[in-house]
Amino acid sequence: MLAVDVEPSRQRILVADDQPDVLEALRLLLKGAGYASVQVSSPQEVLNAALVERFDLILMDLNYARDTTSGAEGLDLLSSLEKLSQVPPVVVMTAWGSVDLAVEAMRRGASDFVQKPWDNDRLLSVIAKHAAARASRVLRSELDLARHVQEQLFPVPKRRLATLDYFGHCVPAREVSGDYYDFLDTGEGGMAFVLGDVSGKGIAAALLMANLQACFRSQPKERLLQPAEALRTINQLFYESTSPEHFATVFLGAYDESTRRLRYANCGHPSPVLVRRDGWVERLTPTAVVLGAFEKWTSSEREIAFGPGDTLVLFSDGVTEAGVDSPGEFGDQGLLAAIQASRATGAEAVVNHVLAAVASRAEDDATVVAICSVPN
């Protein structure tokens, strides 16, 4: 026998007992407490249901038709459930309770033990505790998976140019990040660099980040050589695939090794820091508003020399705003000091030095990309 009382948005409990009146009483109790339930009446039905459906908890009797006193059938069922992958917490019930039986049930995988006749408040308290723990573990597992997937989206510097050393890293404030950085091939002797920050936080921001990455990586190599033109196309794609309240700040630069020049467009992003060989500091200020907020969008484009010894650092606002609500705000001065202290040792050292300096203060995603021009 299998009976169902299910609403998809509610926590789901599989209930097993060989007495119809007990199943009905538990169904009504759980429904009144806001749980969805599936009722079965035998150990085999428990296994069948657990194999094909997802439950937040199993509430099961230890005694069935074969044996009504020892709990042997229920104990055997616990052993079988333990062999399944991702089995939910199991709370066992029996009218023939004993300390030995409770201990053996726990040894075989039960999370808790309730004796019949049960107290409604006690039973609901036990269910709430273990179902909530299960939900928390599932969420943590899903977030861990999301973090792993996103880590694979961030690039690893593989392609090297004779005149360029570059490196980037993102430290999420939560499990996943809304920051995006990339190194894009523009053909022989060239490379494009991107750093973006999408609105929002958490999973929603991470999904938008993946969307933005797809927009950039779908662009032909030659289009990236003209940042303003590429960004017009990307804005249209991003605008059409996101709701109006979502947007992204983005910096896109394209480097030409033959001329040692950098063309760039800055869409409302914090102005990257360019430190010249002699220590002079320039800021690459915005050339357009944010991406994705407006259908009609355009940007200007600028070009600068990027000679030997120059260092360009892109960063998200989580870097300079680290500690903003305390006297220890990192700010532009902290960023400049960290760059000046490490730029002679290469791009990776710059990134690591900046991120280490903000590590204890960052409350938002912190991303840094460093690009160093080196002699031929």
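Helix α8, residues 227–241, runs for 15 residues and reaches 21 Å from its first C-alpha to its last, close to the 21 Å expected at 1.5 Å a residue (that is, 1.5 Å times one less than the number of residues). This is a predicted model, where local features need pLDDT of at least 70 and side-chain atom pairs count only at pLDDT 80 or more, while totals for chains, interfaces and linings use all residues. Residues are numbered from 1 along each chain as its sequence is written, and side-chain values use heavy atoms, with hydrogens and water left out. Helices (H or I, at least four residues) and strands (E, at least two) are DSSP runs numbered from the N terminus.

The buried residues of α8 are P227, A228, A230, L231, I234, N235 and F238; buried means under 20% relative accessible area with a 1.4 Å probe, protein chains only. Down the axis of α8, these residues fall within an arc of 145°, so they line one face of the helix (the arc takes directions from the helix axis to the C-beta atoms). They pack against β9 (190–198), α6 (202–217), α7 (221–224), β10 (248–256) and β11 (261–267), contact being heavy atoms within 4.5 Å.

In the loop between β10 and β11 sits R260. Its phi is near 50°, a positive value in a residue other than glycine, and R260 counts as buried because its relative accessibility is 13%.

Another backbone detail turns up at P117, in the loop between β6 (112–115) and α5 (120–153): the peptide bond joining K116 and P117 is cis, with omega about -10°.

Note on methods: Buried < 20%, exposed > 50% of the residue type's maximum accessible area, 1.4 Å probe, protein only.
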